[in-house]
Amino acid sequence: MTRGWFFLDVRDNMQRVRERVCRAAARAGRDPGKITIIAVTKQVDVSRIREALEAGITDLGENRVQEMTAKMSELPPGLRWHMIGHLQTNKVKYVVGRVDLIHSLDRWNLAVEINRQAEKLGVDARVLVQVNVSGEQSKFGISPGEAQDFLDALGDLKRIKVQGLMTIAPYVENPEEARPYFRELRLLARRLGENAAPGTCLDYLSMGMTADFEVAVEEGANMIRLGTAIFGARTY
Ligand SMILES: *Cc1c(COP(=O)(O)O)cnc(C)c1O
């Protein structure tokens with residue numbers, strides 16, 4: 001059996017991911033049961049997604065709206081969907097009311113549009129504020145220094161329910177190099193939580209991907225977003 005073949009087995013991959021999450025949680029003295037694994041299904045066929053569901057996955061993440069809504073119509077109801085990618089304002093209407101959590105709230109006009117669509121449907125919109133901890137030009141997100149003002153302003157948008165923060169660490173060879181970014185997000189959430197308005201909670205930290213999720217768990221991640229580790233390498 002080649003390693004390549006083995007890596008295609010979603011159930012085996014899930015088992016290994018769970019073991020790695022458990023060990024990372026143990027190193028940090030954390031309860032692994034409090035860590036949600038979000039299977040990132042971009043570029044993944046529905047049949048492979050079903051294998052992940054059979055292996056116990058309940059949370060799915062997509063970064064493209066069209067791909068997500070197409071898959072929603074083919075997969076069973078009752079799954080939790082996470083919008084994890086950069087969201088255009090003209091696509092918000094397809095997302096609000098359909099996803100459990102938007103991880104990528106990264107600018108004011110997007111917040112206004114999410115609030116407007118939620119108001120229209122009479123629902124609340126649960127969101128994470130995406131923070132660009134590394135300051136890389138190529139990354140979306142609010143800068144850490146602006147996060148407090150951004151949260152304060154969100155207090156006026158009554159349908160928006162902030163649940164926490166999300167970040168994408170820079171790509172690094174050694175996952176240890178991502179640790180300071182994850183730590184900074186955790187500390188930022190703690191600081192913001194101290195001044196948070198009623199209705200705002202900063203309990204969720206969405207951080208960690210295939211390359212760095214163990215370090216993210218050690219630093220307090222309670223939502224990790226895994227594509228490659230579960231489904232194997234994407235083809236693009
Ligand atoms: C693709 C993607 C992931 C998953 O990436 P892997 O490295 O395959 O685990 C996580 N988060 C975001 C925002 C993504 O776009």
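Good morning. This structure holds 17 salt bridges, a salt bridge being a side-chain nitrogen of Lys or Arg within 4 Å of a carboxyl oxygen of Asp or Glu. The model is a predicted one, in which local features need pLDDT of at least 70 and side-chain atom pairs count only at pLDDT 80 or more, while totals for chains, interfaces and linings use all residues. Residues are numbered from 1 along each chain as its sequence is written, and side-chain values use heavy atoms, with hydrogens and water left out.

I shall begin with the charged pairs. Side chains of opposite charge can pair when their charged atoms come close. Glu-62 and Lys-71 form a salt bridge in which the closest N and O atoms are 2.7 Å apart. Are these two residues buried or exposed? Glu-62 is buried, at a relative accessible area of 0%, and Lys-71 is buried as well, at 7%. Here buried means under 20% relative accessible area, exposed means over 50%, and partly exposed lies in between, with a 1.4 Å probe and protein chains only. The areas themselves come from the Shrake-Rupley method with a 1.4 Å probe, and for residues only the protein chains shown count as cover.

A second salt bridge joins Asp-124 to Arg-159, with the closest N and O atoms 3.6 Å apart. This pair links distant parts of the chain, 35 residues apart: Asp-124 is in the loop between α5 (108-121) and β5 (125-130), and Arg-159 is in the loop between α6 (147-154) and β6 (160-166). Helices (H or I, at least four residues) and strands (E, at least two) are DSSP runs, numbered from the N terminus. Asp-124 counts as partly exposed at 43% relative accessibility, and Arg-159 counts as partly exposed at 22%.

Finally, a network of salt bridges links Arg-27, Glu-176, Arg-179, Arg-183, Arg-186, Glu-218 and Glu-219.

Strand β1 (residues 36-40) pairs with β2 in the parallel sense over two bridges, where two strands pair if DSSP finds at least two bridges between them. Val-40 has Gly-61 in β2 as its bridge partner. Together, β1, helix α3 (residues 46-54) and β2 make a right-handed β-α-β unit. A crossover is right-handed if, with the strands pointing away from the viewer, the path from the first strand over the helix to the second runs clockwise.

Strand β2 also runs parallel to strand β3 (residues 80-83), to which four bridges join it. Glu-62 stands opposite Met-83 in β3. From β2 the chain crosses through helix α4 (residues 65-74) to β3, in a right-handed β-α-β crossover.

The next strand to consider is β5. Why is β5 described as largely enclosed by the rest of the structure? It is so described because five of the six residues of β5 are buried. Strand β4 (residues 101-105) runs parallel to β5 and is joined to it by two bridges; the bridge partner of Ile-102 in β5 is Val-127. The chain passes from β4 through α5 to β5 in a right-handed β-α-β crossover. Six bridges join β5 to β6, again in parallel, and Gln-130 stands opposite Met-166 in β6. The crossover from β5 through α6 to β6 is a right-handed β-α-β crossover.

The last topic is the ligand. Which residues lie around the ligand? They are Val-40, Lys-42, Asn-63, Ile-84, Ile-168, Met-209, Thr-210, Arg-225, Leu-226, Gly-227, Thr-228 and Arg-234, where a residue is near a molecule if one of its heavy atoms lies within 4 Å of it. Val-40 is also the residue whose bridge partner in β2 is Gly-61. A polar side-chain atom of Arg-225 lies 2.9 Å from a nitrogen atom of the ligand. Taken alone, the ligand exposes 390 Å², and the protein buries 90% of that. Thank you.

Definitions and conventions
A polar contact is a pair of N or O atoms within 3.5 Å; within protein, one must be able to donate a hydrogen and the other to accept it, and residues adjacent in sequence count only if both atoms are side-chain atoms.
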